[in-house]
Amino acid sequence: MDENKAEFTVINPKSVTIGQLYGQFDPVSHEWSDGVLAVNYRKFAVSTTPDRKWLLFDGPVDAIWIENMNTVLDDNKKLCLNSGEIIQLAKTTNLIFEPMDLEQASPATVSRCGMIYMEPASLGWRPIFTSWVNLLPPTLTEQHKKLIVELFERFVDPCIAYLRKGGLKELSPTSDSNLVRSLMNILDCLFEKFHDPKKFASYVTKEIFTWIEGMFFFALIWSIGITGDTNSRVKFDIFLRKIMVAGIDDEEKRNFSLLDPVPAPTKPYTALLPENLTIYHYKFVSETADEENAREKPPDAEEGNQYWEPWSYQLYNVPLIAKDTLFNEIIVETLDTVRFTALLDMLVTHQKSVLVVGPTGTGKSAYIIEYLLRKCDKAIYKPIFINFSAQTSASQTQDIIMSKLDKRRKGVYGPPVGQKCVVFVDDLNMPQVEQYGAQPPVELLRQWLDHSNWYDRKDQSRIGLIDMQLICAMGPPGGGRNAVTARFLRHFNTIGINEFDDKVLATIFTKIMEWHITA
């Protein structure tokens, strides 16, 4: 086949203003400056190479910026700028628009473009899973992979179906593929111990199969099972324990609002969770017996088993609050802080993006700031803090982040060599929604996560971003907080933090009271 090389440029039209997209006159000097689209369009138009050129508009379509493209989409294919310049589209150039929906697009635009509709339900999660299985550590054999495939096939569909139809309420809406991707992300973190061939050879073969089971259950609980509120978690606990042990037959499936029964496991799983507490009270442990014996079991502790240890073990011997601590800096260690910090540390150290969702006053920001400032490795992780408000713009967001980065080489920015930059965005869903439904600061962050680049607002050159990752926190949508586009949320492992129960509140007030009396 005689195919030419392809060049492409990706622009998110809502991450910049309309003036920065097409070009604008300076209000004082009346001097014209080109926009991102004008520069890239001209570059493709004057190019004499036979390469195929693609301009990809990856962002929401609205009636303002797309209407200016009508002359380009017509037969004459000319871009008309406000400066009076007219640029003819080269024959080797094609345009692609990639929006989530066409709610704001006019018939004039829709009729000029060919349409391809990708339905998430028909694609499903299996293509993503198949690609992921091919990237597993090379030490895992075909038998190990077969077990992983069996676990996914047996548990993922029923758990997602129950989450959607079983009356469970999510703190923030998620997509099916995003939940499965989150499950794989946690497994990636846990499978890290399988990467070293020498270490892997020292493990007992039978134990590895048990570890894979336990790691899968742990990942399932903290991905698909963590997005709901308190009542939803109680229901999910009952459901997951049932399908782990017995399955669900035709008569019982109605009680769980399932369409299909769940067959019983072909043989009992060896890494089952203890029955005493809920599934959210245990963490999976895969250390060897020597290391296990070295850790002393606290007195009066809840019982775990060989593979599952209560999170509450880590609450014993917690140091008292220092007398000179400021009141607003006190964080009392509870079950929630222990679980949350462990998950956050695991995901951040493996370069996964994290979204923390929970009602006001549950300590989302306090936990993350505490982790970034005091608990993570400061030699490697350099934090940047941003608070979004209703008035935050994309330009402000870009300026704040760029001001903290170093220039690595021409057109590439990042933290100092050997470090990683962790950007923490608080109140992610606060920016005001535009007339046509987009949130420019969120679209700017999405361009970074999707394509690892932004555009310089002075000369419109491409800015590459490396060694950076994102943590976000937000309250559930509603009451001044807006819904965030699913195209952005798909990048994150969502962790839900619910309001404290009476037992936790009693612990917090007791500790603070003790500190107040002794100080």
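Two exercises with worked solutions follow.

The model is predicted, so local features need pLDDT of at least 70 and side-chain atom pairs count only at pLDDT 80 or more, while totals for chains, interfaces and linings use all residues. Residues are numbered from 1 along each chain as its sequence is written, and side-chain values use heavy atoms, with hydrogens and water left out.

**Exercise 1.** State the order of the strands in the open sheet and find its edge strands.

Step 1. Strands (E, at least two residues) and helices (H or I, at least four) are DSSP runs numbered from the N terminus. Two strands pair if DSSP finds at least two bridges between them.

Step 2. The order is β11-β14-β17-β10-β18, with parallel pairing.

Step 3. β11 (381-387) and β18 (493-496) are the edge strands, since each pairs on one side only.

Step 4. Between β11 and β14 (residues 420-426) there are 7 bridges. Asn387 has Asp426 in β14 as its bridge partner.

**Exercise 2.** Describe the salt bridge of Asp58 and Arg487 and the burial of both residues.

Step 1. A salt bridge is a side-chain nitrogen of Lys or Arg within 4 Å of a carboxyl oxygen of Asp or Glu. In this pair the N to O distance is 2.5 Å.

Step 2. Asp58 lies in the loop between β4 (52-57) and α3 (70-73) and Arg487 in helix α17 (residues 486-489), so the pair ties together parts that are 429 residues apart in sequence.

Note on methods
Buried < 20%, exposed > 50% of the residue type's maximum accessible area, 1.4 Å probe, protein only.
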